[in-house]
Amino acid sequence: ELLTGNIYTYESWDDYWEGPLKRTNDNIGRITTRTNAWWANYGVSERLNIIGQVPYVWTHASQGYLHDIQGVQDLTLAAKYRVLEATPGDSTVRAFAVLSGGVPLSNYNPELLPLSIGTGSSRISARGTLNVETGPGWFANGSAAYTWRSKVQLDRPYYFTDDTFVMSDQADMPNAFEYIASAGL
């Protein structure tokens with residue numbers, strides 16, 4: 001089976017975190033980001049899905065001289081595999097493994113955050129998810145992922161990071177570990 005469609009998101013904010021410092025910047029005012037992402041999910045079998053997504057992103061600052069940025073962001077492809085499905089009693093237990101990767105589809109500038117449409121970094125991610133549902137309707141989910149990111153090519157031969165001056169046009173993008181747990185009825 002093939003499922004496909006668009007996901008549209010809208011976000012707007014006027015204060016942000018720069019390291020441990022919460023800031024409001026009157027030079028840029030309110031930042032608005034809109035994203036229209038086309039996605040597709042192809043069920044290869046009952047256990048394996050192949051998923052793809054391509055977002056188009058628009059950013060806008062309500063004040064100042066920074067111009068709006070828009071464009072195609074990154075192609076993301078993923079394979080999701082149901083490792084386990086068991087039904088002990090009136091409950092269902094499922095475990096999933098996901099491997100995904102992404103690459104920039106356009107030559108957007110990653111340096112103009114918060115107006116940049118992305119970080120410009122290629123990435124690979126591995127995720128594991130466990131889901132438990134009971135007959136009366138209770139559920140619990142747990143998921144964790146680790147993402148490896150490539151370096152980014154800057155448009156200038158230097159940059160500042162962690163109060164350090166770096167003479168290079170290659171900037172490290174931090175890898176990321178994320179986790180989430182939820183439960184409910």
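Colleague: What makes β5 and β7 a pair?

Modeller: β5 and β7 run antiparallel and are joined by six bridges. Two strands are said to pair if DSSP finds at least two bridges between them, so six bridges qualify β5 and β7. A strand here is a DSSP run of E with at least two residues, a helix is a run of H or I with at least four, and both are numbered from the N terminus. One of the bridges sets Ile-51 against Ala-78 in β7.

Colleague: What kind of model is this, and how are its residues numbered?

Modeller: The model is predicted, so local features need pLDDT of at least 70 and side-chain atom pairs count only at pLDDT 80 or more, while totals for chains, interfaces and linings use all residues. Residues are numbered from 1 along each chain as its sequence is written, and side-chain values use heavy atoms, with hydrogens and water left out.

Colleague: Which other strands pair with β5, and over how many bridges?

Modeller: Strand β4 (residues 31-43) pairs with β5 in the antiparallel sense over 13 bridges, and Tyr-42 stands opposite Ile-50 in β5. A hairpin through four residues connects β4 to β5. Strand β6 (residues 69-72) is also antiparallel to β5, with four bridges; there Val-57 faces Gly-71 in β6.

Colleague: How do you know that β8 pairs with β7 and with β9?

Modeller: The bridge counts show it. β7 and β8 are antiparallel with 12 bridges, and β8 and β9 are antiparallel with 11. Both counts meet the requirement for a pair. Arg-82 stands opposite Phe-96 in β8, and Leu-99 stands opposite Ala-126 in β9. The hairpin of β7 and β8 has five residues between the strands, and Gly-89 in its turn has a positive phi of about 65 degrees.

Colleague: Where does the pairing go from β9?

Modeller: To β10: 11 bridges join the two strands, which run antiparallel, and Thr-129 has Ser-143 in β10 opposite. β9 and β10 form a hairpin with five residues between them, where Gly-137 in the turn has a positive phi of about 110 degrees. β10 in turn is joined to strand β15 (residues 176-184) by nine bridges, again antiparallel, with Tyr-146 opposite Phe-177 in β15.

Colleague: Why is Val-93 called buried?

Modeller: Buried means under 20% relative accessible area, exposed means over 50%, and partly exposed lies in between (1.4 Å probe, protein chains only). Val-93, in strand β8, has 18% relative accessibility and therefore counts as buried.

Colleague: How far is the backbone oxygen of Ser-150 from a polar atom of the Ser-121 side chain?

Modeller: The distance is 2.9 Å.

Colleague: What makes a space in the model a pocket?

Modeller: On a 1 Å grid over the protein atoms alone, a pocket is an open set of points with protein on both sides within 12 Å along at least five of seven lines, whereas a cavity is a set where a 1.4 Å probe fits but cannot get out. Lining residues have an atom within 4 Å of a point. Points are joined across faces, edges and corners, and the volume is the space filled by probe spheres set on them. The largest pocket has a volume of about 790 Å³.

Colleague: Which residues line the largest pocket?

Modeller: There are 22, and Pro-110, Glu-111, Leu-113, Phe-160 and Thr-161 lie nearest the centre. β12 gives the most to this lining, three residues.

Colleague: How does the second largest pocket divide by class?

Modeller: Its lining has six nonpolar, 14 polar and four charged residues. Nonpolar covers Ala, Val, Leu, Ile, Met, Phe, Trp, Tyr, Cys and Pro; charged covers Asp, Glu, Lys and Arg; the others, Gly among them, are polar. The lining of the largest pocket has 13 nonpolar, four polar and five charged residues.

Methods
A polar contact is a pair of N or O atoms within 3.5 Å; within protein, one must be able to donate a hydrogen and the other to accept it, and residues adjacent in sequence count only if both atoms are side-chain atoms.
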